[in-house]
Every structure is written in structure tokens, then in C-alpha cells.
Amino acid sequence: MFRYPDGHVARMLTIAGSDSGGGAGIQADLKTAHQFDVYGMSVLTAVTAQNTVGVQAVHPLPVDIVRAQLKSIQDDLGFDAVKTGMLGDRASILAIAAEMEGVTCPVVVDPVMVAKGGEALLAPEDVAAVIERMLPVAFVATPNAPEAERLTGIPIRSLEDAARAAEALHRRGARYAVVKGGHLEGLGDLAVDVVYDGASFTYFAAPRVPSRKTHGTGCTFSSAIAAALARGAGALEAIAAAKSYIARAIASAADWDVGRGHGPTDHSVSPVWLMRAQPGRMYVFDGRQFVETAPPL
Ligand SMILES: Nc1ncnc2c1ncn2[C@@H]1O[C@H](COP(=O)(O)OP(=O)(O)OP(=O)(O)O)[C@@H](O)[C@H]1O
Ligand SMILES: Cc1ncc(COP(=O)(O)O)c(N)n1
């Protein structure tokens, strides 16, 4: 486990839903924390019956038990970074937002709305609560392109659109807004994520793997950012480490036979650390290392 100079072990909390299939949600988050040598803890917001083919049932947990889990962790263990994913019902969203307003460590908000198969994981009428209450507490927000469209109202068809949406998310309170490129046509064969920090656009890219094994990529990416932040990494370093981790996790599972549908990624890979990432640049991860280039826009 990663330890700080004072001896304390780096700790990450995930507040998210359970994926019985083990590829997304809490399960992906804890596997990722472990792979970053960070101690992982969880607050469950909902239980899903889910596999690689689809989501068969969703059961949000009562807000009292959501609050109680968080209190148990706060009263005893503490944490160095938080990641939020699927948030459950409106009462839980409001309770979690209120708690996050009082947290001093970095919070990564992954505004999960729909699963790969199209099933809703957030009620459409609760999107406003995520915009109004969760974006302002986000040190890093990590929507995919369709989620960023819903959060900003900006149609996203290109990298330029993604950059404009990242700006809008920053205006709505996210200190670092990351619009992920998994659902977007990137640059050539690259999957490009754009980051806006209020001053500069920074781009992280990796070759797009022609694979259906992308269940839980968003969960894995956002928890990797939180795990890196829990170790004291800066925001851009954390996003870079997460990009290398998810790129390797997708590539490594491409020939797996786990499930018949959108299979999970391989959480057993290791991240590559990019120290001193410069805002305003583009970094392409080639599977082994980052190559710095001029920004595409
Ligand atoms: N086929 C792929 N090859 C390489 N990288 C990918 C691929 N698909 C997604 N990514 C990367 O994985 C990360 C997650 O992106 P994505 O846009 O898929 O998130 P998401 O839609 O929230 O995930 P999910 O569909 O699991 O909810 C991003 O860094 C994205 O660029
Ligand atoms: C509990 C839970 N949280 C998040 C997702 C999104 O992940 P994906 O879009 O990869 O299915 C999911 N499927 N299940």
C-alpha cells in the first residue's frame, strides 16, 4: 500500500452502485483502488442485478443506510479522496451532495446516467440535482460525451464540441472538467479525452482498441483518478495515470471470454505515471509511455 511520509496509508472512498457482474460500479472501483496500492472503502447507493448483456434489476438503497455507511467510515477510517458514481434516488443524491460539500479532500464526480446497454441508472428528473449539487463539489468531473450533453445542453459530435462542453462544466463548478472520448469519433484511431481547468485545455489520448470489452470503463477511469489523487498526485498526473490504466485494462481484456456481451476490462494491469504533465499540451499513451505533442485544437 502507498504510504505518506507520516506513515498513513492512502485511502479512497467510492460512493456508487453494485454491479453483480463485477465489471463496473463498486466492484470496479475497489479493484482499481487496490491496483493503485490504495486502501478502498465503499458506500453502496443501489444494488443492480447486472451482467455483460444488460441490467436486469435496480434497487436503490434507502437514504438512511446510505448516510449510515458514510458515517461509519467518517467516524473511524477517514479517506484521502472520494469518487462518486451511480447515486441512487433523489434523496440519496441530496444527502451525498450535502456531505461532499463538507469534505476537504478531492472529490471525483462520475455522473453515471445510463449503462452500456442503454438502461437508465439515474432517473431523468434527477439530472438537475446532479448539475446543481454535484458539479460544484467536483474537483474532477468525468462525464462521457452523452452525459456531458445532458449536463450542458451542448450537442457533442466532435472534439471541438467536447472542449466547449468541458468549459461549460467548469463554469458549473467542476474544477477540472474531463469530457471522455470513448463515445466520440476522436482523432484518427485515438480515443481522446479533453480536460479544461479554467485556463487551458489538456488532451489525453490512447489508440482506440476495437473491442466490445468496455463494460465499466467509465467507473474504472474515474476511480483510477480518485486513487491517484488519494496518493497525493496532482489533477493532471492523476488523469494521465487513469488514462494509461484504462487503456491497458481494455487492451488486456480484448480476448477475454468473460460473459457473452460487453465484457469487463482487466483490472490487474498497472498504471504508468506521467510526472509534471503540462496544461495546454496533448499526451498520447502508446501502451508503454506517454508521448507529448502539440494540442490538436
Ligand atoms: N475502445 C476503446 N479503446 C481505448 N480507450 C477507450 C475505448 N473506449 C473508451 N476508452 C477510454 O476509456 C475511458 C472511459 O471512456 P468512456 O467514454 O467509454 O466512458 P463511459 O462511457 O463513462 O464508460 P461506460 O460506458 O463504462 O459508462 C476514456 O478514457 C476513454 O477515452
Ligand atoms: C452499478 C453501475 N454503475 C455504473 C455503471 C456504468 O458502467 P457501464 O456504462 O460500463 O455499464 C454500471 N453499469 N453499473
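Q: Before the ligands, what counts as a helix or a strand here?
A: Helices (H or I, at least four residues) and strands (E, at least two) are DSSP runs, numbered from the N terminus. The model itself is predicted.

Q: OK, ligand 1. Which element gives the most to the shell around it?
A: That is α8, with 4 residues.

Q: Which elements supply at least two residues each?
A: β8 (190-196), α7 (217-230) and α8 (235-253).

Q: How many residues surround ligand 1, and which are the closest?
A: There are 21, and the closest are N144, K180, G182, A191 and G218. By class the shell splits into 9 polar, 7 nonpolar and 5 charged residues.

Q: Now ligand 2. Which residues are closest there?
A: G17, A24, G25, M86 and A115 are the closest of the 19 residues that surround ligand 2. Two or more residues of that shell come from each of β1 (11-19), β2 (39-50) and α7.

Q: Which of the elements gives the most?
A: β1, with 4 residues in the shell around ligand 2.

Q: And how do the residues of that shell divide by class?
A: Into 10 polar, 7 nonpolar and 2 charged.

Q: You mentioned β2. What does β2 pair with, and is the sense parallel or antiparallel?
A: β2 pairs with β3 (residues 55-60) in the antiparallel sense, over 5 bridges. A hairpin of 4 residues joins the two strands.

Q: Which residue stands opposite V47?
A: H59 in β3.

Q: Switching to the core. Which residues touch the most other members of the largest nonpolar core?
A: A162, V194 and I225, out of 95 residues in that core. The largest share of the core comes from α8, which puts in 13 residues.

Q: Take V194. What is V194 in contact with, leaving aside neighbours within four places in sequence?
A: V194 is in contact with L159, A162, A163, A166, V179, F201 and Y203.

Q: Last one, α5. Which of its residues are buried?
A: In α5 (residues 145-152) the buried ones are A145, E147, A148, L151 and T152.

Q: Why are they on the same side of α5?
A: Because they cover an arc of only 155° around the axis. As background, an α-helix has 3.6 residues a turn, so residues three or four places apart point the same way.

Q: What covers the buried residues of α5?
A: The cover includes α4 (127-134), α6 (159-171) and β7 (176-179).

Q: And what follows α5?
A: G153, with a positive phi near 80°.

Technical notes. Residues numbered from 1 in each chain as written. Chains lettered and ligands numbered in written order. Predicted model: local features only at pLDDT ≥ 70, side-chain atom pairs only at ≥ 80, totals over all residues. Near = placed C-beta within 6 Å. Nonpolar A, V, L, I, M, F, W, Y, C, P; charged D, E, K, R; others polar. Core = buried A, V, L, I, M, F, W, Y, C linked by C-beta atoms within 7 Å. Buried ≥ 20, exposed ≤ 12 C-beta atoms within 10 Å, placed from the backbone. Contact = placed C-beta atoms within 7 Å. Pairing = 2+ DSSP bridges. Arc of directions from axis to C-beta.
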